[in-house]
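Please keep the sequence and the 3D view at hand while reading.

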Amino acid sequence: MIRKRIQFFIINEAFKLFRNPFLAFSEMKRLRDLRNKAHGSIIISKYVKSGNQFYWNADYCGFPSKNLKSLIHSEFLRNGKNGINGIGEEPRLQTLIWGITNRCPLSCLHCYEWDNINHSDKLNLEELKKILNIFKSNGIRHIQFSGGEPLARFNDLVELVKDAAPTMDCWLLTSGFGLTNEKASALKKAGLTGANISLDHWDAQLHNRFRNNEKSYGMVMNAVQNCLDAGIIVSLSLCATREFVTEKNLMKYAVLAKNIGAHFIRILEPRSAGKFALQKVFLEKQQVKLLSVFSIRMNADPQFKDFPIVAFFGYHQRKMGCFGAGNRYIYADPNGDVHACPFCRGKMGNLLEEPFGQIIKKVKGVGCHEFQNQSSVTVN
């Protein structure tokens, strides 16, 4: 019933946008073909309910909502054939990852922001609010607050979420550091939708070693429970290293995620950026395939219907190309500089110095630094 409601929701938006039933059906078929290219024949069978909305992806807006309408609208424009964009609009970004602080109490082995980690922040709250207004005026509907560790700037974070929440789905990217029950409640009250909490191993000792902090695993467990108590959607974020990616580790991780009540698991591939710069951290082909098969099984096999929804971005991007680089998302760092993504570093402009649209054009011109060079992996 949820799936049928979503389908009707999309049909309704197609008719509103194209005002021509033949064109609307044609573009819906085009969008369906894109979905099938990305997901194969897998039917979405899992949803997370939060309040009055349903979610099937931690990087997409909830249904039903004005924010989701805007993203669907943009997908039609992005995927339309030449001439469709005669409507006079450009597709908007699906999401924006925004670092709001250079501060972080941890020293994680894979930190992509390592070159910018500092004891102080370059931008004050007023400047951050100016940047947020730029995002709002350009139709951003899904935002992920990152860092450094965004909780290290908690009071400013609450103010930014409060300002963003009326027109955006707001998510937090965090190590869980200091995310107490009181802070989780304050963030929920401000309008936070969900939290992507980094957990890089099911084994506490190995996770702590990866994060260079003996208390990190405990902080993650506390943060997860505090978010659940506050009504915040919980997504576990896994940096899947070469050492981690085995069938045994993936299943143990999934069981742990289920047992602690997580709603989503998002799997990120290590990239040679930040602390991993110049290191051979790319996964082997068989490991990429294992992650792809694992994510498909978790989402489609009935025996895992009570497990979290799994997103492995590498599976989809190897079929469709990079989602970053101004395609569906970009990364803005704590200094206001814009990059293709958190891993493809290279300043394309500063949000307080150049027009947003001009920066996006430069990002798109450069494109993805890594995915275009990665060989494709076919998953049957």
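## Strand pairing

Two strands are said to pair if DSSP finds at least two bridges between them. In this predicted model, strand β4 (residues 142–146) and β5 pair in the parallel sense over four bridges, and the bridge partner of H142 in β5 is D169.

How many of the six residues of strand β5 are buried? Six of the six residues of β5 (residues 169–174) are buried, so the strand is largely enclosed by the rest of the structure. The side chains divide between two directions, with D169, W171 and L173 pointing one way from β5 and C170, L172 and T174 pointing the other way, and all of them are buried.

## Helix α8 and its cover

Helix α8, which runs over residues 216–230, has 15 residues and reaches 21 Å from its first C-alpha to its last, close to the 21 Å expected at 1.5 Å a residue. Its buried residues are S216, Y217, M219, V220, A223, V224, N226, C227 and A230. An α-helix has 3.6 residues a turn, so residues three or four places apart point the same way.

The cover over the buried residues of α8 includes both helices and strands, namely α6 (181–190), β6 (192–198), α7 (204–211), β7 (233–239) and α9 (247–260). Just after α8, G231 takes a positive phi of about 85 degrees.

## Backbone exceptions

Two cis peptide bonds deserve a check in the 3D view. One joins F63 and P64, with omega about -5 degrees, and P64 is placed in the loop between β2 (53–55) and α3 (66–79). Another joins G147 and G148, with omega about 15 degrees, and G148 lies in the loop between β4 and α5 (154–164).

Positive phi values also occur in residues other than glycine. R19, in the loop between α1 and α2 (21–39), has a phi near 55 degrees, and R19 is exposed, with a relative accessible area of 74%. N212, in the loop between α7 and α8, has a positive phi of about 55 degrees, and at 44% relative accessibility N212 counts as partly exposed.

Conventions
Residues are numbered from 1 along each chain as its sequence is written. This is a predicted model: local features need pLDDT of at least 70, side-chain atom pairs count only at pLDDT 80 or more; totals for chains, interfaces and linings use all residues. Side-chain values use heavy atoms; hydrogens and water are left out. The expected span of a helix is 1.5 Å times one less than its number of residues. Buried means under 20% relative accessible area, exposed over 50%, partly exposed in between (1.4 Å probe, protein chains only). Contact means heavy atoms within 4.5 Å.
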